[in-house]
Amino acid sequence: MPTLETIEVAGETDINTLPDFTSEKYKDAYSRINAIVIEGEKEAYDNYLSIGTLIPEKADELKKLAIMELKHMKGFTACGKNLGVKADMPFAKEFFSPLHGNFQKAFEKGDLTTCFLIQAILIEAFAISAYHVYIRVADPFARKITENVVKDEYLHLNYGQEWLKANLSSCKEELIKANKANLPLIKSMLDQVADDAHSLDMDKEELMEEFMIAYQDSLLEIGMDSREIARMALAALV
Ligand code: PL3
Ligand code: FE2
Ligand code: FE2
């Protein structure tokens, strides 16, 4: 029977043990996860530039955010190379296509509320949650890169947050509607990535928890009350 002492020791080793980055299973999962992250950063670059065309007086600021995303993309490309993994880019394109399609539709309509919700809130919160969990189990090379990336992602989340907060009186209804349409896509993306994430020692519950923290904090900051936030979060269940 395990004693308290053995349980504690087991707990410690758990925390200190990193996955085998050279195993075929790890590399196979990494080829898809790495591609998702590279594609996500590339689309984030495009999306911030697109948003900049809708707010010409903020185009310079948005261009700066976009350029950070390109740097992230390069950083994560280096992480894959470092492990000798070829990123499965067609898989990643497919993975993002429903959300990308919704962003494009919103952009064509000039619907800034939906554009900011998709890119700056949902995608950034998804990235922040994934990067936090990944940092705990990453190889040392990737950990350093991811630690720097995640700081930038908070700036991006904040940027969208501030815009939505300043415009809340006119965009609240649209925000709730856009959330209803797009939060379920994030949930399904998380479901799709869960098995591969598990191969990297990333736990799905932990990912969901981190996502919810970033998402709820951000809605609170925008000025939604707790009932509205609870309603919005429930959209993920349907
Ligand atoms: C925009 O700044 C970021 C867009 C990227 C979103 C990707 C989310 C990634 C989910 C998969 C978990 C992987 C974490 C591992 C990192 C190599
Ligand atoms: Fe990024
Ligand atoms: Fe970002």
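Reader: Which residues coordinate the iron ion (ligand 2), and at what distances?

Author: This is a predicted model, in which local features need pLDDT of at least 70 and side-chain atom pairs count only at pLDDT 80 or more, while totals for chains, interfaces and linings use all residues. Residues are numbered from 1 along each chain as its sequence is written, and side-chain values use heavy atoms, with hydrogens and water left out. Donors are N, O and S atoms within 2.8 Å of the metal (3.2 Å for Na, K and Ca), and sites may look incomplete because water is not among the atoms. At 2.0 to 2.2 Å, the iron ion (ligand 2) is coordinated by Glu41 (OE), Glu69 (OE), His72 (ND1) and Glu153 (OE).

Reader: Which parts of the chain does the pair Glu41 and Glu69 tie together?

Author: In sequence, the donor residues of the iron ion (ligand 2) follow the spacing E-x27-E-x2-H-x80-E. Helices are DSSP runs of H or I with at least four residues, numbered from the N terminus. The pair ties together parts that are 28 residues apart in sequence, since Glu41 lies in helix H2 (residues 24-54) and Glu69 in helix H3 (residues 59-82).

Reader: Is Glu69 buried or exposed?

Author: Buried means under 20% relative accessible area and exposed over 50%, with partly exposed in between (1.4 Å probe, protein chains only). With a relative accessibility of 1%, Glu69 counts as buried.

Reader: How far apart are the iron ion (ligand 2) and the iron ion (ligand 3)?

Author: Glu69 bridges the iron ion (ligand 3) and the iron ion (ligand 2). The two ions are separated by 3.2 Å.

Note on methods
Chains are lettered from A and ligands numbered from 1 in the order in which they are written. Helices (H or I, at least four residues) and strands (E, at least two) are DSSP runs, numbered from the N terminus.
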